[in-house]
Amino acid sequence: MSVLLALLLAGGAAPAMVVIDEAATVREEAPPHGAIGMSTAYRISDSVPAPRSFEFRKRALHVGAAIGVHPIDHDEIYYVLSGTGIVHSDGEEKALKAGTAAWLYKGAKVGIRQTGDEPLVLIIAYPNKAPAP
């Protein structure tokens with residue numbers, strides 16, 4: 001974190017903006033919710049100072065990988081940049097390809113798996129929990 005950013009945050013003022021290079025956020029890891037296969041994770045919003053109201057991430061699910069089915073307590077969006085996959089929500093499944101988005105609703109049990117010969121590259125966005133009063 002820059003000295004200027006640290007001073008602004010210490011004083012309670014939010015910066016005008018934060019610009020993040022995804023290359024600085026990348027890591028290889030098993031996908032969440034079941035560790036099915038491997039993925040390249042771009043934890044973009046982790047570089048944004050708190051408090052922040054939502055998460056914004058990019059993930060490339062390698063061939064055969066999946067984010068396992070799990071309950072969500074917020075709306076969540078999976079937007080496909082490239083590749084193909086199958087999204088799951090409460091027992092229903094739909095095919096996804098580049099340029100499609102799945103809007104998943106609070107309370108659903110959701111997941112997504114890569115299909116085809118190339119990685120499934122997604123943008124994933126969802127709100128953060130409101131801080132406790």
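**Salt bridges and their setting**

Mentor: Lys-94 and Glu-92 form a salt bridge, with 3.6 Å between the closest N and O atoms; the term denotes a side-chain nitrogen of Lys or Arg within 4 Å of a carboxyl oxygen of Asp or Glu. The model is predicted, so local features need pLDDT of at least 70 and side-chain atom pairs pLDDT 80 or more, while totals for chains, interfaces and linings use all residues. Residues are numbered from 1 along each chain as its sequence is written, and side-chain values use heavy atoms, with hydrogens and water left out.

Lys-94 is partly exposed, at 48% relative accessible area, and Glu-92 is partly exposed at 48% as well (buried is under 20%, exposed over 50%, partly exposed in between, with a 1.4 Å probe and protein chains only). The pair belongs to strand 7, residues 92-97, which runs antiparallel to strand 6, residues 84-89, over six bridges (strands are DSSP runs of E, at least two residues, numbered from the N terminus; pairing requires at least two DSSP bridges). In this pairing, Leu-96 of strand 7 faces Gly-85. Two residues separate the strands of this hairpin, and Asp-90 in the turn has a positive phi of about 50°.

In total, the structure holds 10 salt bridges. One of them joins Glu-29 and Arg-59, at 3.1 Å from N to O. Glu-29 is buried at 18% relative accessibility, and Arg-59 is buried at 7%.

Asp-46 and Arg-52 form another salt bridge, their closest N and O atoms lying 3.6 Å apart. Here Asp-46 is partly exposed at 37%, as is Arg-52 at 24%. Both residues belong to a salt-bridge network that also includes Arg-43, Glu-55 and Arg-57.

Of its 17 lining residues, Arg-57 is among the closest to the centre, together with Pro-32, His-33, Ile-124 and Tyr-126. Elements giving two or more residues to this lining include strand 3 (54-61) and strand 10 (120-127).

Definitions and conventions
On a 1 Å grid over the protein atoms alone, a cavity is a set of points where a 1.4 Å probe fits but cannot get out, and a pocket is an open set with protein on both sides within 12 Å along at least five of seven lines; lining residues have an atom within 4 Å of a point. Helices (H or I, at least four residues) and strands (E, at least two) are DSSP runs, numbered from the N terminus.
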